[in-house]
Amino acid sequence: MMSDSTGKNVVCHRGKLLNTDTIDLPSMWKGTVDPKTITVSLTPIGAYNQNLIVEYVTIEKIKVGSSRRFPINAYFHVYGINTSRINN
């Protein structure tokens, strides 16, 4: 997994889920990123009908679910607003 910045206030965390249902967010996001601004994009790999859903989002992790019995295999992009950079 890797993290990077896109723009002045937007932060991004991206990577791949393979046989897991949890995206762990970077610890540096705690206290700097507003949890209400976190968005998640999921792209299934292989089985297109994984029916992936975001079950919940916290500042520490994102839980991904599937209505199918397939192991989760997907790319993810997570974006948030870094409030510590606003007006700086």
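Biologist: What is the mean pLDDT of the chain in this model?
Modeller: The model is predicted, and its confidence can be summarised over the chain. Of the residues, 86% reach a pLDDT of 70 or more. The mean pLDDT of the chain is 86.

Biologist: Which element of the chain has the lowest mean pLDDT?
Modeller: Among the elements, β3 has the highest mean pLDDT, at 97. At the other end stands a strand of residues 2–5, with a mean of 48. The element with the lowest mean is β1.

Biologist: In what order do the three strands of the open sheet lie?
Modeller: The edge strands, each pairing on one side only, are β3 (22–24) and β5 (52–57). The pairing in this sheet is antiparallel, and neighbouring strands are turned by 25 degrees against each other on average, direction ignored. The order is β3-β6-β5.

Biologist: Which residue in β6 is the bridge partner of Asp24?
Modeller: Strand β3 pairs with β6, residues 61–66, in the antiparallel sense over three bridges. In β6, the bridge partner of Asp24 is Lys61.

Biologist: How many residues apart are Asp21 and Lys63, which form a salt bridge?
Modeller: The closest N and O atoms of Asp21 and Lys63 are 2.5 Å apart. Asp21 lies in the loop between β2 (10–18) and β3, whereas Lys63 belongs to strand β6, so the pair links distant parts of the chain. Asp21 itself is partly exposed, because its relative accessible area is 28%.

Biologist: Which residues are linked with Asp21 in a network of salt bridges?
Modeller: The structure holds three salt bridges. Besides the pair of Asp21 and Lys63, the side chains of Glu55 and Lys63 meet at 3.8 Å, N to O. Glu55 counts as partly exposed because its relative accessibility is 45%. The residues linked with Asp21 in the network are Glu55 and Lys63.

Biologist: Which parts of the chain does the salt bridge of Lys30 and Glu60 tie together?
Modeller: The side chains of Lys30 and Glu60 meet at 3.0 Å, N to O. Lys30 counts as exposed because its relative accessibility is 54%, whereas Glu60 is partly exposed, at 45%.

Biologist: Is Gln50 buried or exposed?
Modeller: Gln50 is found in the loop between β4 and β5. Leaving out residues up to four places away in sequence, Gln50 touches several residues, among them Pro44, Ile45, Phe70, Pro71 and Ile72. Because its relative accessibility is 2%, Gln50 counts as buried.

Biologist: Which residue in β7 is the bridge partner of Cys12?
Modeller: Strands β2 and β7 run antiparallel and are joined by nine bridges. Trp29 is in contact with both Cys12 and Tyr79, as well as with other residues including Val11, Ile38 and Val78. The bridge partner of Cys12 in β7 is Tyr79.

Biologist: Which residue in β7 is the bridge partner of Val40?
Modeller: Strand β7 also runs antiparallel to β4, and six bridges join the two. In β7, the bridge partner of Val40 is Val78.

Biologist: How far apart in space are Val33 and Ser84, C-alpha to C-alpha?
Modeller: Val33 is found in the loop between β3 and β4, and it counts as buried because its relative accessible area is 6%. Apart from neighbours within four places in sequence, the contacts of Val33 include Val11, Ile59, Ile81 and Asn82. Although Val33 and Ser84 are 51 residues apart in sequence, their C-alpha to C-alpha separation is 7.5 Å.

Key. Residues numbered from 1 in each chain as written. Predicted model: local features only at pLDDT ≥ 70, side-chain atom pairs only at ≥ 80, totals over all residues. Heavy atoms only, no water. Pairing = 2+ DSSP bridges. Helix = DSSP H or I, 4+ residues; strand = E, 2+ residues; numbered from the N terminus. Axes fitted to C-alpha atoms, helices over the stretch in contact; angles between N-to-C directions. Salt bridge = Lys/Arg side-chain N within 4 Å of Asp/Glu carboxyl O. Buried < 20%, exposed > 50% of the residue type's maximum accessible area, 1.4 Å probe, protein only. Contact = heavy atoms within 4.5 Å. pLDDT = per-residue confidence, 0-100.
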